[in-house]
Amino acid sequence: EYKNPIGVNIDLETGVIPGAKKLVRRLSSLKGYFLDEEAYNELLKDDPVVYEVYAVEQDEKDGDLNFATTVLYPGKVGKEFFFTKGHFHSKADRAEIYYGIKGKGGMLLQTPEGKAEWIPMGPGTVVYVPPYWAHRTVNTGDEPFIFLAVYPADAGHDYGSIAEKGFSKIVIEENGEVKVVDNPRWRE
Ligand code: 6PG
Ligand code: NI
């Protein structure tokens, strides 16, 4: 029995995929993720939406593919730009492709040993996330940063170690500039 092919148009202005499952992540779901706790608690009074995901997912079978757009809103907690939680894949060797649609940002990637890389992203940027690398996107602009991700259906999400330790680098605004600097709270 064959599955049916799917063709959908992503709304390139809003990132919405018609018929997709929508997930909303508010600031309250990112407790402990940002460095400046005072700024976090202040902003929590409004509990803004930090990002939304529109996902078209299949059963977790080897060989199949999922795809999802993410709409990551502009904002900062203290100096730190809004970001996605970030994760390893549960099946850690599963790779992923991202494609920038709108806005400005980038991806932090990190090996299990804590070696981090920063890849700037804009409309048209393709990022290859190799097997074993954790990944987090960051909005460094002042409009929503929208991108598409394509990933194996059996990849899964492992949030644990990033939720606990974060990335070894953080992305901040300093003197009006975007800077990728060492995370002062990082420990191996
Ligand atoms: C995935 C993708 C991507 C990601 C979202 C939200 O594996 O599904 O990397 O769709 O999940 O951008 O980011 P978090 O899953 O880290 O919250
Ligand atoms: Ni992923």
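Which residue in β11 does tyrosine 99 stand opposite? In β11, tyrosine 99 stands opposite leucine 148.

This is a predicted model, in which local features need pLDDT of at least 70 and side-chain atom pairs count only at pLDDT 80 or more, while totals for chains, interfaces and linings use all residues. Residues are numbered from 1 along each chain as its sequence is written, chains are lettered from A and ligands numbered from 1 in the order in which they are written, and side-chain values use heavy atoms, with hydrogens and water left out.

**View 1. An open sheet of 6 strands with antiparallel pairing.** The strands stand in the order β1-β2-β3-β11-β6-β9. β1 (21-26) and β9 (126-129) are the edge strands, each pairing on one side only. Neighbouring strands of the sheet are turned by 20° against each other on average, direction ignored. Strands here are DSSP runs of E with at least two residues, helices are runs of H or I with at least four residues, and both are numbered from the N terminus. Two strands pair if DSSP finds at least two bridges between them. The axes behind the angle are lines fitted to C-alpha atoms, for helices over the stretch in contact, and angles run from 0 to 180 degrees between N-to-C directions. Strands of a sheet pair through backbone hydrogen bonds, either parallel or antiparallel.

**View 2. Strand pairs within the sheet.** Strand β2 (residues 49-56) and strand β3 (residues 65-72) run antiparallel and are joined by 6 bridges. Valine 56 has phenylalanine 67 in β3 as its bridge partner. β6 pairs with strand β11 (residues 145-152) in the antiparallel sense over 5 bridges. β6 also pairs with β9, again in the antiparallel sense, over 4 bridges. In β9, tyrosine 128 is the bridge partner of isoleucine 97, and valine 126 stands opposite tyrosine 99.

**View 3. Alternating side chains along β9.** Val127 and Val129 point to one face and are buried. Buried means under 20% relative accessible area, exposed means over 50%, and partly exposed lies in between (1.4 Å probe, protein chains only).

**View 4. The site of the nickel ion (ligand 2).** The protein donors are His87 (NE2), His89 (NE2), Glu96 (OE) and His135 (NE2), which lie 2.1 to 2.3 Å from the ion. Donors are N, O and S atoms within 2.8 Å of the metal (3.2 Å for Na, K and Ca); water is not among the atoms, so sites may look incomplete. The site has 6 donor atoms with angles of 72 to 172° among them, and is octahedral. Six donors count as octahedral if opposite donors are over 155 degrees apart and all others between 65 and 115. Ideal angles for six octahedral donors are 90 or 180 degrees. Along the chain, the donors follow the spacing H-x1-H-x6-E-x38-H. Histidine 89 is in the loop between β5 (80-81) and β6 (96-102), and histidine 135 is in strand β10 (residues 134-139), 46 residues apart. Histidine 89 counts as buried because its relative accessibility is 4%. Histidine 135, at 1% relative accessibility, is also buried.

**View 5. Aromatic rings and charged ends.** The whole structure holds 4 aromatic pairs. One of them joins phenylalanine 34 and phenylalanine 82, a tilted pair with 6.5 Å centre to centre and 55° between the planes. Phenylalanine 34 lies in the loop between β1 and α1 (37-43), and phenylalanine 82 lies in the loop between β5 and β6, 48 residues apart. Both residues are buried. Rings of Phe, Tyr and Trp (its six-membered ring) pair if their centres lie within 6.5 Å; planes under 30 degrees apart count as stacked, over 60 as edge-to-face and the rest as tilted. Ring pairs link Phe34, Phe82 and Phe83 into a cluster. Over the ring of phenylalanine 83 sits the charged end of arginine 136, 3.7 Å from the ring centre. A charge sits over a ring if NZ of Lys or CZ of Arg is within 6 Å of the ring centre and within 35 degrees of the ring normal.

View 6. Aspartate 47 counts as buried because its relative accessibility is 18%. Tyrosine 132 is partly exposed, with a relative accessible area of 48%.

Technical notes. Tetrahedral: all angles 85-135°; square planar, octahedral: opposite > 155°, others 65-115°.
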